Amino acid sequence: MNTASEIISDETLDKMKESGFNTVQVLLIGKWEEGKIVFNEVNNRAILNDIVAIKKKGMAVWVALDMAGGPPVPGVKLGESYEKFKPAFLNLVDISSKLMEQYQVEYLRVNNEPDKYFSEQTSWGSKEQINNYLADFFVSTTLSAKEDFKGKLINKITLVRQHDQRVIDASLQNVDIAG
């Protein structure tokens, strides 16, 4: 079956499984709109169908949260302050983690290289303040996800050598897999 909304076909999944894959990663997308992150119903409906198809093939599912129209798009500003961005993103984490638990997803990455886009939020304060926010963000988002999601949590940080130890330590807290 080949439809416009189809992202992963049975044929593709069969080829992946025959090649030795046991896990498939998909993106669950929130949309950055006017300072809020809204759940992208159109895209995510197809993703939820894909999750069911992947699981029917006996493979694990790894979901990574992402945003359309926002980070990690270079140069995108996340609003006037971290205090306004954080609750918007935590709402996305809350919605997504409950849904991923309902669909019995094995792996969830709520933090996909947030250090890349946090570094561009120069209006939030000094580099030191942005690092404080980043450390808080890693801890807050994983703790929020753990409230409802019982699978494995993954965090991914980049440019490790450019961060102070507290940011690295925060990226490792409350997760099962760190990248």
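Predicted model: local features only at pLDDT ≥ 70, side-chain atom pairs only at ≥ 80, totals over all residues.
User: Happy to be looking at this one with you! How are helix 5 and helix 6 oriented to each other?

Analyst: Helix 6 covers residues 165-172, and its axis lies 7 Å from that of helix 5 at an angle of about 15°. Angles under 35 degrees count as roughly parallel. Helix 5 and helix 6 are therefore roughly parallel to each other.

User: Which handedness does the crossing of helix 5 and helix 6 have?

Analyst: The angle between helix 5 and helix 6 is about 15°, and the crossing also has a hand. Where helix 5 passes helix 6, the crossing is left-handed.

User: How is helix 3 oriented to helix 5?

Analyst: Helix 3 spans residues 82-102 and packs with helix 5 at about 25°, the axes being 9 Å apart. The cut-off for this class is an angle under 35 degrees, so helix 3 is roughly parallel to helix 5.

User: And which hand does the crossing of helix 3 and helix 5 show?

Analyst: For helix 5 with helix 6, the crossing was left-handed. Where helix 3 passes helix 5, the crossing is right-handed.

User: Stepping back, what pattern does the protein chain follow along the sequence?

Analyst: The chain has 179 residues, 45% of them buried. Its secondary structure amounts to 6 helices and 6 strands. Read along the sequence, these elements give the pattern α-β-β-α-β-α-β-α-α-β-α-β.

User: Let's turn to pockets. Which helix gives the most to the lining of the second largest pocket?

Analyst: The lining includes Asp-115, Phe-118, Lys-127, Ile-130, Asn-131 and Leu-134. Two helices each supply at least two lining residues: helix 4 (114-118) and helix 5 (127-146). The one that gives the most, with 4 residues, is helix 5.

User: How many residues of that lining are charged?

Analyst: Among the lining residues are Ser-119, Thr-122, Leu-159, Gln-162 and His-163, together with Asp-115 and Lys-127. Asp and Lys belong to the charged class, whereas Leu is nonpolar. The lining divides into 4 nonpolar and 5 polar residues, and the number of charged ones is 2.

User: How much space lies in the second largest pocket?

Analyst: Its lining draws on helix 4 and helix 5, and the residues there are nonpolar, polar and charged. The space in this second largest pocket is about 200 Å³.

User: What separation do the C-alpha atoms of Val-160 and Asp-115 have?

Analyst: Asp-115 is one of the residues lining the second largest pocket. Val-160 sits in the loop between strand 5 (152-156) and helix 6, and is partly exposed at a relative accessible area of 40%. Val-160 and Asp-115 are 45 residues apart along the chain, and their C-alpha atoms are separated by 9.4 Å.

User: What about Asp-14 and Ile-54: how far apart are their C-alpha atoms?

Analyst: Asp-14 belongs to helix 1 (residues 10-18). Its relative accessible area of 31% makes Asp-14 partly exposed. Although Asp-14 and Ile-54 are 40 residues apart along the chain, the separation of their C-alpha atoms is 9.6 Å.

User: Is Gln-104 buried or exposed?

Analyst: Gln-104 is not a glycine, yet its phi is positive at about 55°. Its place is the loop between helix 3 and strand 4 (107-112). The class exposed begins over 50%, so at 59% relative accessibility Gln-104 counts as exposed.

User: Last one: which accessibility class does Asn-174 fall in?

Analyst: Asn-174 also has a positive phi, about 65°, without being a glycine. Asn-174 lies in the loop between helix 6 and strand 6 (177-178). Buried means under 20% and exposed over 50%, so with a relative accessible area of 30% Asn-174 is partly exposed.

Conventions:
Residues numbered from 1 in each chain as written. Heavy atoms only, no water. 1 Å grid on protein atoms, 1.4 Å probe; cavity = no way out; pocket = protein on both sides within 12 Å on 5 of 7 lines; lining within 4 Å. Points joined across faces, edges and corners; volume = space filled by probe spheres on them. Buried < 20%, exposed > 50% of the residue type's maximum accessible area, 1.4 Å probe, protein only. Axes fitted to C-alpha atoms, helices over the stretch in contact; angles between N-to-C directions. Parallel < 35°, antiparallel > 145°, perpendicular 65-115°, else oblique. Left-handed = near helix turned anticlockwise from the far one by under 90°.
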